[in-house]
Amino acid sequence: MTSVISVSDLSLTFETNDGPVHALSKIDLEVEKGDFVSFIGPSGCGKTTLLRVIADLEQPTSGNISVNGTSPENARKDRAYGYVFQAAGLYPWRTIAKNVALPLEIMGLSRQEQERRIRKNLELVNLAGFEKKYPWQLSGGMQQRASIARALALEPDLLLMDEPFGALDEIVRDHLNEQLLDLWAKTEKTVVFVTHSIPEAVYLSTKIVVMSPRPGRIEDVIVSDLPRERPLDIRETPEFLSLAHRVREGLRAGHSYED
Ligand SMILES: Nc1ncnc2c1ncn2[C@@H]1O[C@H](COP(=O)(O)OP(=O)(O)OP(=O)(O)O)[C@@H](O)[C@H]1O
C-alpha cells in the first residue's frame, strides 16, 4: 500500500484575540491509495481544519505531514488534489460547462483539452446535457455534482471533500452518496471526506476517523470490513449497524472527555 497522506504528531493552535484555540492536537493518520476516509465528529472538532492542512490552506503549529510523498505546498502547486467545499460555489453568470472550465482556463489548457475534460467529468457526475444551463436552473444536488465535476476536471488522484452534501435533504443525499461511491469505484481515486452524519460516514468509507473537540483529537480509527460494492440497503445489515454503533461510541467517548 502506498501512503497518499501521512500525518504524524500534528498540532495546530490558532492565536486569537480571546487566546489560543487548540484546533488539532497530536494527530496521527495514514491514508492509503484508493482509500475512502471520512472525518466525523461534532462541530468544532477540527475536521475542516485538518482537511485544510492537507490542502495547504492552513499551516500546522507542529508535527509532520506529507501529501503524495511531498509537502502540502508542493502537492498544491502540483495540483495533486481537487477540493469540494460545503457550498457548491458556482458562478451564477457562467454556464455549468464554463464553471467546470474555469480552473482549466487558469491552468492555460488548450480549448480542445478543456472541452474533453468538461465532457468527461460532467458525464461522470451524470450531468451530460446540462452544459449550457446556468447554476440557478439546477437543483441543489445537481449544483453539488457540478462542483464535484469541477474538482475532478483537474484530474487529481486525491479528492478532498468538506461536507459536500451537508445542506441537502436526506433523499437527495442518499442518491448522491450512491453516485459518489460509483464514481469512486470507476475512477479509483483516494477520497477524504468530512461529514457530521454517522450513516453517511459508514456507508461511504473504507476508514472512519472519529474526532473529538477541545482540543481536536482522533478518538478512534475504524477500518470498515463492508464490501466495496454497497447498495443503499446495506445500511440495514448487522455489519453496518455494528460499525455505526462503534462510531457512536467513539463520539460519546469524546464528549465525556469534554465535560
Ligand atoms: N481561522 C481561525 N481562527 C481561529 N479559530 C479558528 C479558525 N478556524 C477554525 N477555528 C476554530 O478551530 C476549531 C475547529 O474548527 P473546524 O472548522 O476545523 O471544526 P469542524 O469540526 O470542521 O466544525 P464544523 O463541523 O462546524 O464545520 C473551532 O473551535 C473553530 O472555531
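**Close-up views of a predicted model**

**View 1. Lys 26, a strand residue with a positive phi.** Lys 26 is part of strand S2. This is a predicted model, and here the phi of Lys 26 comes out near 50°, a positive value in a residue other than glycine. As background, most residues other than glycine have a negative phi.

**View 2. Asp 56, a loop residue with a positive phi.** Now move to the loop between H1 and S4, where Asp 56 has its place. Asp 56 isn't a glycine, yet its phi is positive, at about 65°. Is Asp 56 buried or partly exposed? It counts as partly exposed, because it has 18 C-beta neighbours inside 10 Å and buried would take 20 or more.

**View 3. The open sheet that holds strand S2.** Three strands make up this open sheet, in the order S2-S1-S4, and their pairing is antiparallel. Which strands sit at the edges? They are strand S2, covering 19-32, and strand S4, covering 62-67, and each of them pairs on one side only. On average, and ignoring direction, neighbouring strands of the sheet are turned by 20° against each other.

View 4. In general, strands of a sheet pair through backbone hydrogen bonds, either parallel or antiparallel. Strand S1 (residues 3-16) and S4 run antiparallel, joined by five bridges. For a spot to look at, find Val 7, which stands opposite Ile 65 in S4. Helix H1, residues 47-54, packs on the sheet and touches S1, S2 and S4. The direction of H1 makes about 65° with that of S2.

View 5. The chain is split into domain 1 (10-80 + 157-258) and domain 2 (91-155). Taken over C-alpha atoms, the centres of domain 1 and domain 2 are 25 Å apart. How many residues of domain 1 are in contact with domain 2? Eleven are, and they meet nine residues of domain 2. Helix H6 (residues 170-187) gives the most to the side of domain 1 that touches domain 2, putting in five residues. The residues on that side of domain 1 come out as eight nonpolar, two polar and one charged.

Conventions: Residues numbered from 1 in each chain as written. Predicted model: local features only at pLDDT ≥ 70, side-chain atom pairs only at ≥ 80, totals over all residues. Pairing = 2+ DSSP bridges. Helix = DSSP H or I, 4+ residues; strand = E, 2+ residues; numbered from the N terminus. Axes fitted to C-alpha atoms, helices over the stretch in contact; angles between N-to-C directions. Contact = placed C-beta atoms within 7 Å. Buried ≥ 20, exposed ≤ 12 C-beta atoms within 10 Å, placed from the backbone. Domains from an automatic or database assignment. Nonpolar A, V, L, I, M, F, W, Y, C, P; charged D, E, K, R; others polar.
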